[in-house]
Amino acid sequence: MSKRTIIASEQDAQAEALLRRIGWRTLPLLLLLYFIAYLDRINIGFAATAMQRDLHFSDSIYGTGAGLFFVGTLLAQIPSNLLLYRIGARRMIAGLMIVWGCISGSMAFVHTPWAFLVLRFLLGAAEAGFFPGIILYLTLWLPRRRRTSFTACFVFAIPLANIFGGPLSSWILQRGSTAHFADWQMLLLLEAIPAVLVGCLLPGLMTDSPLEASWLSDSDRALLAQARAQDEPIVEEIEAAGAKGFTIGSPLHVLRFAAIYFAMQFGLYSQNFWLPKILHGMGMQTRWIGWQVAAVYSLAAAGMLIWGRVADRAPTRRSTLSIPLLIAAAAYASTLFAAHAGSGTLAIFLVIATFGAGAAGGLSATATFWAQATLGQKTAAVAGMIAAVNSLGNLGGFVGPALLGRLHEQTGGYGAGMLTVSAGLVAAALLLNARRTVHAHKGVPAVT
């Protein structure tokens, strides 16, 4: 073995050790932030039955309100991400958390459909910059070969919010009314508090970039820059980006991945907002619904972690995204078996198995999606591209719950809605793997 090879191997080992240290310093905090954000986003699903009981909201009103969150996200996301790019993650995200915590708590005081719809819209606008901001944050910290596993760990907050948030929400609802507040009001108020508290503490807990991290030495920063440069020429592009201004890159690329993300969000949020009501409709008692939801997302979490390890071995292959999309499509189509199994133990088992596999596929796809979406994109365009794809794709989170609400009113079941989800995911997998040839001037290569 040559001296050059030995030095390269030592540098690789040092880089891996550094990346592990970065992971332990950054990921627990990011996981906590997304756990809080996601819990405030989906707890309306656990409050829905009691809220509809007291406020007499129809399924259409509930489904529209649940999904209207994403319309607010669409309108506010690019401005939020531009602001985050300029002022830094810790100050921006801290402010967002305080605002969305206050809005989420205010939901406990709604009495009319319009108030409910407006607050859900405002909650989406307040959270708009959070997820793409974290994706950008990870992009600026990590080499591409480690982004999928780090993103998978970050997105792991989604099943955690359901695994722990489900039983917690059921427990709060079981406490019943307290003082002048109904059970669903207590749920929304109590679960809004962590966002405000953590938002106040965040500026002292988070570091915007490796250059500002006091716990990294100069040699650590140089090693990290070298590890990132092996994947893509980040530093030079960032320096050039200031003169070019904000861009989203290729519009066709953005629309292609926004459509794929739309189908993914359509499925995940249809499940998030309607699964508690589906279980309640099958005769499940309130105190057990949270535990059944936790079982579903425990399966999803296991599948997601396994797939994250698999995808890291070949992060640029489209199959790392298309396979979990197809698994989710098959699982959601299979929920029809649960619909025809009645309301006994077999039906509950089938709901857990099919929705668990669907969530596993959808969440596994979420982690690998961003590695595919940013593949081959210049860093100058990454911030805008992430914001554009996320904001357009998140409209699936509006259309899904709203459409399932209308289909449920018309058919009396959720089978038609879940078949629609399945068809959308199959279409997304086909779109990902469709070869797109660009006939350009002077030898510009084809894009696939």
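The structure is a predicted model. The chain contains 18 helices and zero strands, and buried residues account for 56% of its 448 residues.

**Overall architecture**

- The secondary structure consists of 18 helices, with zero strands in the protein chain.
- Of the contacts between residues at least 6 apart in sequence, 83% join residues at least 24 apart.
- The accessible surface of the chain amounts to about 18,800 Å², and carbon and sulfur atoms contribute 66% of that area.

- The largest nonpolar core has 132 residues, of which I93, W184 and F369 touch the most other members.
- Helix α1 gives the most to this core, supplying 20 residues.
- Leaving aside residues up to four places away in sequence, I93 touches L33, L84, F130, I134, L202 and M206.
- Helix α8 spans residues 183–190 and is largely enclosed by the rest of the structure, because six of its eight residues are buried.
- The buried residues of α8 are D183, W184, Q185, M186, L187 and L188; among them, W184 is also one of the core residues that touch the most other members.

**Cavities**

- The model has five cavities of 30 Å³ or more.
- The second largest cavity has a volume of about 90 Å³.
- This cavity is lined by 14 residues, and those closest to its centre are R41, T73, F131, N390 and N394.
- Two or more lining residues come from each of α1 (3–55), α2 (59–87), α4 (113–127) and α12 (251–281).
- By class, the lining of the second largest cavity comprises six nonpolar, six polar and two charged residues.

**Second largest pocket**

- The second largest pocket holds about 550 Å³ of space.
- Its lining is made up of 19 residues, with L27, R146, S149, C153 and R309 the closest to the pocket centre.
- The elements that each provide two or more residues to this lining are α1, α6 (144–155) and α13 (286–312).
- Helix α1 supplies the largest share of the pocket lining, seven residues.
- The lining of the second largest pocket divides into eleven nonpolar, three polar and five charged residues.

**Q265 in helix α12**

- Q265 lies in helix α12, one of the elements that give two or more residues to the lining of the second largest cavity.
- Q265 has a relative accessible area of 4% and is therefore buried, the cut-off being under 20%.
- Beyond residues up to four places away in sequence, Q265 touches S270, G393, N394, G396 and G397.
- Of these contacts, N394 is also among the residues closest to the centre of the second largest cavity.

**W114 in helix α4**

- W114 is found in helix α4, another of the elements that give two or more residues to the lining of the second largest cavity.
- With a relative accessibility of 66%, W114 counts as exposed, since the cut-off for that class is over 50%.
- W114 and G65 are separated by 49 residues in sequence, and their C-alpha atoms are 9.2 Å apart in space.

How values were computed: Residues numbered from 1 in each chain as written. Predicted model: local features only at pLDDT ≥ 70, side-chain atom pairs only at ≥ 80, totals over all residues. Heavy atoms only, no water. Buried < 20%, exposed > 50% of the residue type's maximum accessible area, 1.4 Å probe, protein only. Helix = DSSP H or I, 4+ residues; strand = E, 2+ residues; numbered from the N terminus. Contact = heavy atoms within 4.5 Å. Areas by Shrake-Rupley, 256 points an atom, 1.4 Å probe, with all protein chains shown as cover. 1 Å grid on protein atoms, 1.4 Å probe; cavity = no way out; pocket = protein on both sides within 12 Å on 5 of 7 lines; lining within 4 Å. Points joined across faces, edges and corners; volume = space filled by probe spheres on them. Nonpolar A, V, L, I, M, F, W, Y, C, P; charged D, E, K, R; others polar. Core = buried A, V, L, I, M, F, W, Y, C linked by side-chain atoms within 4.5 Å.
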